[in-house]
Amino acid sequence: MPGSVTIGHIEAAAIVDHTDAQRLSVLLDELGHLLAVAGPNRLTDEQVSALCEEPGADRDELARWCRGLAAQLHHQHDPHSHH
């Protein structure tokens, strides 16, 4: 996958090819789920802190951010969406 993601100081913060955008969307959506779900599959507070590189990170805010970004990536790379 090298070269499939371009980050630079241009209008778009990052350019991701379609396949990588789909994979990233699924990954972020699943991460949001693991942050929010109750039960044995829920990410621990220690894991959340490690992901955010800060103790006491806001789990709910991170879950919303992950799911929102997943939806945005999915929408931008959905051939049936009209944007």
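From the N terminus on, the chain runs β-β-α-α-α, giving 3 helices and 2 strands. The model is a predicted one. Of the chain's 83 residues, 23% count as buried. Among contacts between residues at least 6 apart in sequence, 43% join residues at least 24 apart.

**Packing of H1 and H3**

- Helix H1 covers residues 18–36 and helix H3 covers residues 59–76; the two pack at an angle of about 155°, and their axes lie 8 Å apart.
- Because angles over 145 degrees count as roughly antiparallel, H1 is roughly antiparallel to H3.
- The crossing of these two helices, H1 and H3, is left-handed.
- By class, the contact of H1 with H3 has 14 nonpolar, 4 polar and 3 charged residues.
- On the H1 side, the residues that meet H3 include Ala21, Leu24, Leu28, Asp29 and Leu35.
- On the H3 side, the residues that meet H1 include Arg59, Leu62, Trp65, Cys66 and Leu73.

**The largest nonpolar core**

- The largest nonpolar core has 12 residues in all, among them Val16, Ala21, Leu28, Leu35, Leu43, Val48 and Ala57.
- H1 and H3 each supply at least two residues of this core.
- H3 gives the most to the core, with 5 residues.
- In soluble globular proteins, nonpolar side chains tend to be buried together.

**Cys66**

- Cys66 belongs to the largest nonpolar core and is also one of the H3 residues that meet H1.
- Leaving aside neighbours within four places in sequence, Cys66 is in contact with Leu28, Leu31, Gly32 and Leu35.

Terms used. Residues are numbered from 1 along each chain as its sequence is written. This is a predicted model: local features need pLDDT of at least 70, side-chain atom pairs count only at pLDDT 80 or more; totals for chains, interfaces and linings use all residues. Side-chain values use heavy atoms; hydrogens and water are left out. Axes are lines fitted to C-alpha atoms, for helices over the stretch in contact, and angles run from 0 to 180 degrees between N-to-C directions. Helices (H or I, at least four residues) and strands (E, at least two) are DSSP runs, numbered from the N terminus. Angles under 35 degrees count as roughly parallel, over 145 as roughly antiparallel, 65 to 115 as roughly perpendicular and the rest as oblique. A crossing is left-handed if the near helix is turned anticlockwise from the far one by less than a right angle, and right-handed if clockwise. Contact means heavy atoms within 4.5 Å. Ala, Val, Leu, Ile, Met, Phe, Trp, Tyr, Cys and Pro count as nonpolar, Asp, Glu, Lys and Arg as charged, and the others, Gly among them, as polar. A nonpolar core is a set of buried Ala, Val, Leu, Ile, Met, Phe, Trp, Tyr and Cys residues joined through side-chain atoms within 4.5 Å. Buried means under 20% relative accessible area, exposed over 50%, partly exposed in between (1.4 Å probe, protein chains only).
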